[in-house]
Amino acid sequence: MNWNPARGGSRGLLVAFALAAAAGCADGITDADRPLLFSAVSAGGDHTCGIGTDGGAFCWGRGAYGELGTGGTEDSPVPVRVGGGVHFTAISAGGSHTCGLAEDGSAYCWGWNVAGQLGTGNTVGYGLPTIVTGGLHFEAITSGENHTCAIAADGTAYCWGDNGSGQLGNGTTLGAVQPVAVAGGLRFISLSAGAAHTCGVSVDGVAYCWGLNHLGQLGTGGTEDAWEPTRVAGDLDFVMISAGFAHTCAIAVDGAAYCWGSNTAGELGNTFIEPPRHAGTLEPGRVHGGAGLVWISAGPHYTCGVGADGVGFCWGRGIYGQIGNGLTLNFATPQRISERPERISAGALRFRSVSTGGTHTCGRATTDAVYCWGTGELGQLGNPGFNYSPVPILVTRLR
């Protein structure tokens, strides 16, 4: 993800135009107009990546650092196939790099590598998928701003890249250009790399965080950084966790959502007082109305989730349209992502997952089509007709 959302770009499209265009036309659809279908999607800083139904990876948006994986550095407003011929089972777009897992569990990364976040044993950037050194096999992977973490088959967590705040969790602040084991011997079922902190849920449902903690994003009840996994305060049991810029959110076993850390734009979703007149929290606080969630994603100053019925919600910073409700305002409580007619089959838009990027959001619908909304001046919405949209628009097929 991109943790510096203050950028320029066109914001001149009228909301009414975006709403009308997002609905599309129900008549005259050809195969070329039908969307690509995806098994996963991940929104990064200014780019987005997904896995096609054939296992091939596609990326779109900014390509200046090779994060699209095509071997070049050009931006693309539509999905372009990642080179290298690797079939992926998981993918994660970071600030300016991307990582994925091959079918055998091998990790591959590409893009910006200033801090060793590609895990290739050096700090050289790569425009094509390059295998992570060490011969490890993983079951999950997560890309942060300048670091990457993954869960091995036995549940052990490994991280690599920038470690200036202890976000690698190995008890030091020394960066690593290849995977290093997270200290403590914990086994994880969920792991998320944020801007400069990392959080995970252990096999027994306990949440741990480590790294930068200046605004309470570790949830430990204080603001001291932690170089090793530190237990999140409280006695809650969790099933999923997501680390954002300076806040963290998680889903408890009963489906309730909890967030902690910075709350400058309402990203914690736990107050009815409108931004910016509210403070963050140092421990988990329950999201108002955030019950029955099955997916959550924390971004820079905003959060999105999906309910058991597939309805999507976002809250927090929305000035770039990333909340997806047709407005460009901040919201201190969850807002329903605007429903749009789907182009393949009529009906309300429902999601399997959502992913928060720098100033854009993408979601994988129950049809396996992908929709994006928010900022798109670099092509990160995946639709050449839009450089901004406050409602979900369909990612178009590669022509």
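1. The lining of the largest pocket in this predicted model can be sorted by residue class: 20 nonpolar, 12 polar and one charged. That lining is made up of 33 residues. The residues that lie nearest the centre of the pocket are I91, S92, I141, M240 and W295.

2. How much space lies in the largest pocket? The value is about 690 Å³. Rolling a probe the size of a water molecule over the atoms shows where empty space is left. Strands β1 (38-43), β5 (88-93), β9 (138-143), β10 (147-152), β13 (188-193), β17 (238-243), β21 (293-298) and β25 (351-356) each give two or more residues to the lining of the largest pocket.

3. The next topic is the disulfides. A disulfide is a covalent bond between the sulfur atoms of two cysteines. In this structure, pairs of cysteine sulfur atoms within 2.5 Å are counted, and the count comes to seven disulfides. Three of them are described below.

4. The link of C99 and C109 is right-handed, with 110 degrees about the S-S bond. Because C99 lies in strand β6 (residues 97-102) and C109 in strand β7 (residues 107-111), the pair ties together parts that are 10 residues apart in sequence. Are these two cysteines buried or exposed? Both C99 and C109 are buried.

5. Another disulfide is formed by C304 and C314, whose sulfur atoms are 2.0 Å apart. The torsion about the S-S bond of C304 and C314 is about 105 degrees, so this disulfide is right-handed. C304 sits in strand β22 (residues 302-307) and C314 in strand β23 (residues 312-316), and the pair links parts of the chain 10 residues apart. Why does C304 count as buried? The cut-off for buried is under 20% relative accessible area, and C304 has a relative accessible area of 0%. C314 counts as buried because its relative accessibility is 0%.

6. C362 and C372 are also joined by a disulfide, S to S 2.0 Å. Their S-S bond has a torsion of about 105 degrees, so the disulfide of C362 and C372 is right-handed. C362 belongs to strand β26 (residues 360-365) and C372 to strand β27 (residues 370-375), 10 residues apart. With a relative accessible area of 0%, C362 is buried. C372 is likewise at 0% relative accessibility and therefore counts as buried.

Terms used: Residues are numbered from 1 along each chain as its sequence is written. This is a predicted model: local features need pLDDT of at least 70, side-chain atom pairs count only at pLDDT 80 or more; totals for chains, interfaces and linings use all residues. Side-chain values use heavy atoms; hydrogens and water are left out. Helices (H or I, at least four residues) and strands (E, at least two) are DSSP runs, numbered from the N terminus. Buried means under 20% relative accessible area, exposed over 50%, partly exposed in between (1.4 Å probe, protein chains only). On a 1 Å grid over the protein atoms alone, a cavity is a set of points where a 1.4 Å probe fits but cannot get out, and a pocket is an open set with protein on both sides within 12 Å along at least five of seven lines; lining residues have an atom within 4 Å of a point. Grid points are joined across faces, edges and corners, and a volume is the space filled by probe spheres set on the points. Ala, Val, Leu, Ile, Met, Phe, Trp, Tyr, Cys and Pro count as nonpolar, Asp, Glu, Lys and Arg as charged, and the others, Gly among them, as polar.
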